[in-house]
Amino acid sequence: MRAGRVGLGVDIGGTFTKIVAATREGIVLDRARVPTRPSLGPRRFVGRLAEALRRFERSLSLRAEAVGVGAAGDVDPARGIIRFSPNMRSFDRYPLRDALAAALRRRVSLHNDADMAAWGGYAVELGRSKENLAAFTMGTGIGGGLVLGGRLFLGSTGSAGEFGHMRIARGGESCRCGARGCLEAYAGRYAVVRAARRLLRESPRRNSLLRNLADRPGFDASRVAEAAGHGDPMALEVWRSVGRAMASGIANVVLAFNPDVVLVAGGVARAAALFLPETRRLLRRESFTTPVRHVRVLAAKTEDLGAVGAAVYPLEEALRP
């Protein structure tokens, strides 16, 4: 088998698990995905994932130097466990890192998926050109990650960067974490759908493409983006509300950490052209101007950013004392 500084990145989602082979420079060699099937439990998942990774390597005629795993939820990188994951409850407290390392007979690292997206943003999207970056991953919920001084910042318990659960409205919308007023409750995928349906209820007599789409099965944030793309006023208002919420969250992070770049990534961020103009407009109105004028707020272009970051990060770790 061909050897080299290649890492395998794994991004565990509730439905599918993405796999990427990439070099330290972020050159993606190939991609694959397998069903996660969390209901079958973590032991069977590890066995299926290990076999999928071995097949993936054989197809590329290589043996990766390291494997990085990103998973949603409260991850303990030091112990290699997921403390809590709302979409994969059977994985809670399971020694995922060590089980996969034993199955593969090589080093494995485990981190929060948004942290890996942040590293992918720093190392690949920006090519390490900026040392301070904050990433917002916008999917069903909102995650976050920080690279400060060219290093991934994890905090005291590995929990830094939970941007989605910053409170932006006291006593506001309910969040799936159980609190109210979280950023996620205004800008996550489920929040977009909730805002669209509320606007439709409040304006029952307004004709709208959004209304037509909402009456069909499978109505989700992508349908709200579709309606907005056709100029539907109600859909555009939903995305402006997302932009306002993101402006609050991003302003808090910029004022706290003074990054060079804020990167938005994930499924909802595909609609960045619909909400980032509003976000940037409001950021320009912040009274503490130095950090907000300095920061660049960008939408990620790299596909599977979390999996790419997970592939690259353990190669970086190996270079450090």
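**Backbone angles, cores and helix packing**

Author: Let us begin with the backbone: just after α2, Arg-105 takes a positive phi of about 60°. Please bear in mind that this is a predicted model.

Reader: Where do Asn-258 and Asp-304 lie?

Author: Asn-258 belongs to the loop between α8 and β11. Asp-304 is found in the loop between β12 (296-299) and α11 (305-317).

Reader: Is Asn-258 buried, exposed or partly exposed?

Author: Buried means under 20% relative accessible area and exposed means over 50%, with partly exposed in between. Asn-258 has a relative accessible area of 45%, so the residue is partly exposed.

Reader: Let us return to helix α2. Which of its residues are buried, and against which elements do they pack?

Author: In α2 (residues 96-104), the buried residues are Leu-96, Arg-97, Ala-99, Leu-100, Ala-101 and Leu-104. Their packing partners are the helix α1 (42-60) and the strands β1 (6-12), β4 (66-71), β6 (81-84) and β7 (108-112).

Reader: How is a nonpolar core to be read, and how many residues has the largest one?

Author: A nonpolar core is a set of buried nonpolar residues joined through side-chain atoms within 4.5 Å. The largest here has 46 residues, and Phe-136, Met-138, Leu-210, Val-224, Trp-239 and Met-246 have the most contacts inside it. Among the elements that each supply at least two residues of this core are β8 (133-138), α5 (189-202), α8 (233-257) and α9 (272-283). The element that gives the most to this core is α8, with 11 residues. A second, separate core of 32 residues includes Leu-8, Ala-52, Ala-71 and Phe-91.

Reader: What is Leu-210 in contact with, leaving aside its neighbours within four places in sequence?

Author: On that basis, the contacts of Leu-210 are Ala-196, Leu-200, Phe-219, Val-224, Ala-227, Asp-232, Met-234 and Ala-235.

Reader: How does one read the packing of two helices, and at what angle do the axes of α5 and α8 cross?

Author: One considers the angle, the handedness and the residues that meet. The axes of α5 and α8 come within 10 Å and cross at roughly 135°; the two helices are therefore oblique to each other. The crossing in which α5 passes α8 is right-handed. From α5, Val-192, Ala-195, Ala-196, Leu-199 and Leu-200 meet Met-234, Glu-237, Val-238, Trp-239 and Val-242 of α8. By type, the residues of this contact divide into 9 nonpolar, no polar and 1 charged.

Reader: Which residues does Thr-279 touch, not counting those up to four places away in sequence?

Author: Thr-279 lies in helix α9 and, at 0% relative accessibility, counts as buried. Beyond those sequence neighbours, Thr-279 touches Gly-243, Met-246, Ala-247 and Ile-250.

Reader: Finally, how far apart are Gly-120 and Val-312 in sequence and in space?

Author: The pair lies 192 residues apart in sequence and 7.4 Å apart in space, C-alpha to C-alpha. Gly-120 is placed in helix α3 (residues 113-125) and counts as buried, at 1% relative accessibility. Leaving aside neighbours within four places in sequence, Gly-120 is in contact with Glu-125, Leu-305 and Gly-309.

Key: Residues numbered from 1 in each chain as written. Predicted model: local features only at pLDDT ≥ 70, side-chain atom pairs only at ≥ 80, totals over all residues. Heavy atoms only, no water. Buried < 20%, exposed > 50% of the residue type's maximum accessible area, 1.4 Å probe, protein only. Helix = DSSP H or I, 4+ residues; strand = E, 2+ residues; numbered from the N terminus. Contact = heavy atoms within 4.5 Å. Axes fitted to C-alpha atoms, helices over the stretch in contact; angles between N-to-C directions. Parallel < 35°, antiparallel > 145°, perpendicular 65-115°, else oblique. Left-handed = near helix turned anticlockwise from the far one by under 90°. Nonpolar A, V, L, I, M, F, W, Y, C, P; charged D, E, K, R; others polar.
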